[in-house]
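Me: Hello! I am new to this structure and would like to look around it with you. Could we go through it one question at a time?

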Amino acid sequence: MKFETQSGTKYWFDNILGISFPLNTSLEILLTSNDVTDSLEKEAADHQRDAVFNSRFMKKIEKARQYAHQYPKEQITPEHLKRQILREGLLQLTLSVTENCNLACRYCCYSDEYPNTRTPSHKMMNFETARTAIDYYASLLEEGKRFNPQRRPSVGFYGGEPLLNFQLIKQCVSYFKETYPEIDALFTMTTNGTLLDREKCEFLMAHDFSIAISLDGPEAEHNRNRVYHDGSGTFADVIKNIRPIMDAGYKNCHAICVFDWKSDLFALQEFFNRAEVPRISFISLPNPNDGCTFYQRFSREDYEKFLKTEAKAFQSYNHQIRHSAGVDSFFDQIFGLQAGRILYSVPALIDGTSFMIPYTFTCLPGRKIYVDVDGNYHICERINHTFPICNIRTGLDFARIAKIVEDYRSHLDLCPSCKVQKLCNICYCDFAGTGEFIPSSKICKNSNHDLIKGLERAFTIAENNPSLPETVAQGYYTWLSTISTTMGD
Amino acid sequence: MYFRLNPECYLILGEHSSVIYDLIEGDVHSLNEYETQLIRNCENNVELTTNEPLLDEMKERCIGNYYTTKVFIEKLRLGSPILDYQPGQPPFIEKAFLEINNTCKLSCGFCGSRHIRRSSGCLGCNTWQEEGTPLEEEQWKEVIDGLSDLHCDSVYFTGGDLTLKWELLQQLLEYAQKKFSQTFVSINSRRFSAEVADYLEGKALPIIQVDNPAHIGTDHQFLLVTDEREEFLKQIRSSKNLTIDRLVRDASELSPDSRLISKSKIQKTNLFRFTHMKKKHPCLANSLTVSWRGEVLPCPMLRRYSLGSVKEQPLYELLRKNSEGFDKFWGMCLEKIPRCTACEFRYACNDCRALEESLTGDLNGKALCRYDVSNGIWV
Ligand code: SF4
Ligand code: SF4
Ligand code: SF4
Ligand code: SF4
């Protein structure tokens, strides 16, 4: 797959090696032709030196490609899957302590904008459910420790707004610590921040919680989407509530930021660079899948204006990084880190994992266990509830998980011919229909385009500052490993 | 005009000179001081102002190429470095030595019990002057299960004379069937018979220890323990099924062209080896030894560095509680050995920590090398 950076340099993305290299005309002919020996003649007119180099280079590339990871083709058995989960999975137990929320954020995945997902309800998880799930998780950790003695487990609290069931969170933490003192687990929580009072802040800090606060930027940006049921903004409350945490210099508090086509990226840049604002751990646009209608609120002009601002922000970032490396800003997060991911997170060649899904970038179900308020187990908090992997009464159903993986594999119809497979970052959640996966040929309309744009940008950045993508990625992931055991996926 | 090395070619700087590692062809090209400066500038995207024949030659040999603009060369690599920032990954064990016996009625002059230094002693058998009670069969089985659950790749059964514990060996070989991708058994040639060969067939590969080159056969792996000079070793080295285990009383007795100290210790490189050597020790990495009395050691020859005992805790517990201890040995890449830190060959060189430790008395010592890092010459 060919692409071009802003400087006009052409590169070739090699889908087997997972890396790109600069192109010259004759090399391009060689790469696009299937038969190397035949096309050697085509470039006879080329400069002799180039011809020699190119044909040798092609032979080297061919040799390197032989190291590519071979995915197992055979049927996945429940026994194999269980062993693999005991070895590589079980990184987090996430308890959805309530389906209720005191906010009505406009892009919320449980809102009317997402017809395929559950809707908010007043349901709360009870202690009996939480305790059963915790006991089961602990038993799996016990069984799994001989497969991975170095695992770092974690227990997460999720919602709705988990602080609406703060009582249960407290119960769970003390139950866990008293019953399983030998398990050194990280506690995590994702909250909208509006219910954090001093008592809750102190509790969370006392138990070294990794606290993820939803924060979308300065007041005007945040309040456009993050609102109470009466439509009023939540910004002032959130900022006031996190003060004790920020003032205490508490390290494990971070921001999850969602932006949209109306966002002023320069305003976000200014805001998130302030010392009193928590560092961003994740940033994204609202999920466009799961029947999403959120984007219908934007006009064509909105979208075009957004693209312009984004391009301007990218220019300004590139200008800046020519002179300084590792600027550690909001733009680093959206541009630098993106480049770092593209250049360094793609598992080139043999990647050391024994994973069995050849395409997309999805996890092993069982890497995390998400428990809904009724005690059903799911692959993660992002996937809709029609793909359960069983429940607190029976434990994980490995046969069912194997079937989900098989089903998923069989729906990746477009992927074998995809020219950017290695860069793909799509997962189960993006393919989830109602109880069945949607084939990649239906889902994946724009991904190629986005991934190639990502490549163009990554290489533009790297041309301007060759060490920046790796520095940013290294800084980010090292930090991320202190606040999350699943590297955020 | 700019010149850049290809994705698969890495420039590694030393104190004085440098080396280009070609991870596909496997070559390790040495550069002198001038060439080092030149390529270093090229790699830093400094524009070329003069014609450099060296660069033409490199292009010809497909090591690098000219570019009209500043390009970014994405390097060929194995895996994703981002995974390395993720703690809590399951440990990977590549090989384990199981020393299931510490007795022997032979009395080889080079046996470990005589404190003799050998360059590949780990592949042969040894007995040790150590006190203690041997592990029982059940305990060995628990070790084997533990290794299998940790996805250990290869297992080496060693002793002592294993024919003295033949029944135990048989039990354990049966038990280990299908659990590992390779199983080896070390045995002295004087104990290796047609019967032994028949029994091992399909179950384990014998490594036969000989001290007379005349006893080297063709159908098994041999380990020749010897103090012969390099000229002699050169003639027999070509046989694929032979490892030379050089006796080393003292570094100074080795001839300058000995494989252990001369330029010939620098090996070919490849994607795997290069990636490995950047972070890990060439042979200690991802390896462990369970001694006859249950001690877990970094290698069969490093007797003084116990990482715990399987009599007290299962292997996985030791790996959890003493992960720093294991990491210390596994992560002992040559870059961490003071003598090698600034040497450009540090990702292609060989190293036996046990031998160096024994020669220098220092776990980070280095006696076996004739490369002068500061002046870039082999002396
Ligand atoms: S077709 Fe789409 S889903 Fe499949 S690998 Fe390519 S980008 Fe990923
Ligand atoms: S056969 Fe092995 S264990 Fe026995 S004396 Fe010789 S070297 Fe030592
Ligand atoms: S032993 Fe160390 S200093 Fe000597 S050549 Fe090898 S890496 Fe260099
Ligand atoms: S350091 Fe390596 S080569 Fe030397 S004895 Fe130990 S395992 Fe063998």
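This is a predicted model: local features need pLDDT of at least 70, side-chain atom pairs count only at pLDDT 80 or more; totals for chains, interfaces and linings use all residues.

Me: How far apart do the C-alpha centres of domain 1 and domain 2 of chain B lie?

Reply: The assignment for chain B gives domain 1 as 2-67, and domain 2 as two stretches, 95-252 + 279-334. Taking the C-alpha centres of domain 1 and domain 2 of chain B, the separation is 41 Å.

Me: How much space lies in the second largest pocket, and which elements give two or more residues to its lining?

Reply: The second largest pocket holds about 1300 Å³ of space. It is lined by 46 residues, and the closest to its centre are B:Ser119, B:Ser120, B:Leu123, B:Thr243 and B:Asn350. Sorted by class, the lining of the second largest pocket has 23 nonpolar, ten polar and 13 charged residues. The elements of chain B that give two or more residues to this lining are β6 (95-99), β10 (221-226), α7 (230-237), β11 (242-246) and α11 (353-360).

Me: Which strand gives the most to the lining of the largest cavity?

Reply: The structure has eight cavities of 30 Å³ or more, and about 130 Å³ of space lies in the largest cavity. Among the 17 residues lining the largest cavity, B:Cys104, B:Cys108, B:Cys111, B:Cys125 and B:Asn188 are the closest to its centre. Its lining divides into eight nonpolar, seven polar and two charged residues. With three residues, the strand of chain B that gives the most to this lining is β8 (residues 182-188).

Me: How many charged residues does the shell around ligand 3 have?

Reply: The residues surrounding ligand 3 include B:Lys265, B:Arg339, B:Arg346 and B:Lys366. Lys and Arg count as charged. By class, the shell around ligand 3 has seven nonpolar residues and no polar ones, and its number of charged residues is four.

Me: Is B:Leu368 buried or exposed?

Reply: B:Leu368 is placed in the loop between α11 and β14 (371-372) of chain B. Its C-alpha atom is separated by 6.3 Å from that of B:Leu260, 108 residues apart along the chain. The cut-off for buried is under 20% relative accessible area. B:Leu368 has 4% relative accessibility, so it counts as buried.

Me: Where is A:Leu90 placed, and is it buried or exposed?

Reply: A:Leu90 has a phi near 60°, a positive value in a residue other than glycine. Its place is in the loop between α4 (78-88) and β4 (92-96) of chain A. Because its relative accessible area is 0%, A:Leu90 is buried.

Key: Residues are numbered from 1 along each chain as its sequence is written. Chains are lettered from A and ligands numbered from 1 in the order in which they are written. Side-chain values use heavy atoms; hydrogens and water are left out. A residue is near a molecule or strand if one of its heavy atoms lies within 4 Å of it. Domain bounds come from an automatic or database domain assignment. On a 1 Å grid over the protein atoms alone, a cavity is a set of points where a 1.4 Å probe fits but cannot get out, and a pocket is an open set with protein on both sides within 12 Å along at least five of seven lines; lining residues have an atom within 4 Å of a point. Grid points are joined across faces, edges and corners, and a volume is the space filled by probe spheres set on the points. Helices (H or I, at least four residues) and strands (E, at least two) are DSSP runs, numbered from the N terminus. Buried means under 20% relative accessible area, exposed over 50%, partly exposed in between (1.4 Å probe, protein chains only).
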